[in-house]
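Please read it alongside the sequence and the structure.

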Amino acid sequence: MGEFKHILVAKFTEDTTPQEIESLIKGYANLVSLVPTMKSFHWGKDVSTENLHQGFTHVFESTFDSPEGIAEYVAHPHHVEFANIFLPKLEKVIVIDYKPTAVHP
C-alpha cells in the first residue's frame with residue numbers, strides 16, 4: 001500500500017518545562033519499540049523565519065504501512081497511556097494523516 005504519515009503539530013502549555021518536553025519527546029519516540037505498526041518517528045522544532053507558525057513549536061512525524069496501521073496505533077494501549085500524559089501538556093494541537101504523493105514533472 002505504500003507509506004502513510006501521521007503528523008502531530010503541537011504548542012506546549014506555558015507551564016511545561018523544557019525538561020518535561022524532552023521527557024515527552026523521548027516517550028513519544030519510544031512508542032516505535034512498543035507499537036508494531038509504527039515504523040519510524042521523527043520530530044523537530046520550528047526554525048522558520050516566516051513567522052507563520054501560529055504559536056505551534058514542535059512537529060512529530062510517525063510512519064505507517066497503511067491507514068489501518070495508524071488506527072491500530074491510535075488504539076494501542078501504549079499509545080493511549082502516552083496520549084493521556086502528552087495531550088494535557090498541549091495548548092494547541094493539529095493531527096493530520098496522509099499518504100505522501102510524489103510529483104513528477
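A patch is made of residues with over 30% relative accessible area and no salt bridge, with like charges joined within 9 Å and nonpolar side chains (Val, Leu, Ile, Met, Phe, Trp, Tyr) within 5 Å. A salt bridge is a side-chain nitrogen of Lys or Arg within 4 Å of a carboxyl oxygen of Asp or Glu. Accessible areas come from the Shrake-Rupley method with a 1.4 Å probe, and for residues only the protein chains shown count as cover.

The model is predicted: local features need pLDDT of at least 70 and side-chain atom pairs count only at pLDDT 80 or more, while totals for chains, interfaces and linings use all residues. Residues are numbered from 1 along each chain as its sequence is written, and side-chain values use heavy atoms, with hydrogens and water left out.

**Surface patch**
- Leu 87, Val 93 and Val 95 form a nonpolar surface patch with about 230 Å² of accessible area together.
- Leu 87 sits in the loop between α3 and β4; helices (H or I, at least four residues) and strands (E, at least two) are DSSP runs numbered from the N terminus.
- Leu 87 has a relative accessible area of 43% and is therefore partly exposed (buried is under 20%, exposed over 50%, partly exposed in between, with a 1.4 Å probe and protein chains only).

**Loop between β1 and α1**
- Thr 13 lies in the loop between β1 (4–12) and α1 (18–34), and Thr 16 is in the loop between β1 and α1.
- Thr 13 counts as buried because its relative accessibility is 19%; Thr 16 is buried at 8%.
- The side chains of Thr 13 and Thr 16 make a polar contact of 2.6 Å (a pair of N or O atoms within 3.5 Å; within protein, one must be able to donate a hydrogen and the other to accept it, and residues adjacent in sequence count only if both atoms are side-chain atoms).
- The Thr 16 side chain also reaches the backbone oxygen of Lys 89 at 3.4 Å.
- Not counting residues up to four places away in sequence, Thr 13 touches Pro 88, Lys 89, Leu 90 and Glu 91 (contact means heavy atoms within 4.5 Å).

- In α2 (residues 67–75), the buried residues are Gly 69, Ile 70 and Tyr 73.
- These residues cover an arc of only 100° around the axis, so they lie on the same side of α2 (the arc is that of the directions from the helix axis to the C-beta atoms).
- The buried residues of α2 pack against β1, α1, β3 (58–64), α3 (77–86) and β4 (90–98).
- Val 80 is in helix α3 and is partly exposed at 36% relative accessible area.
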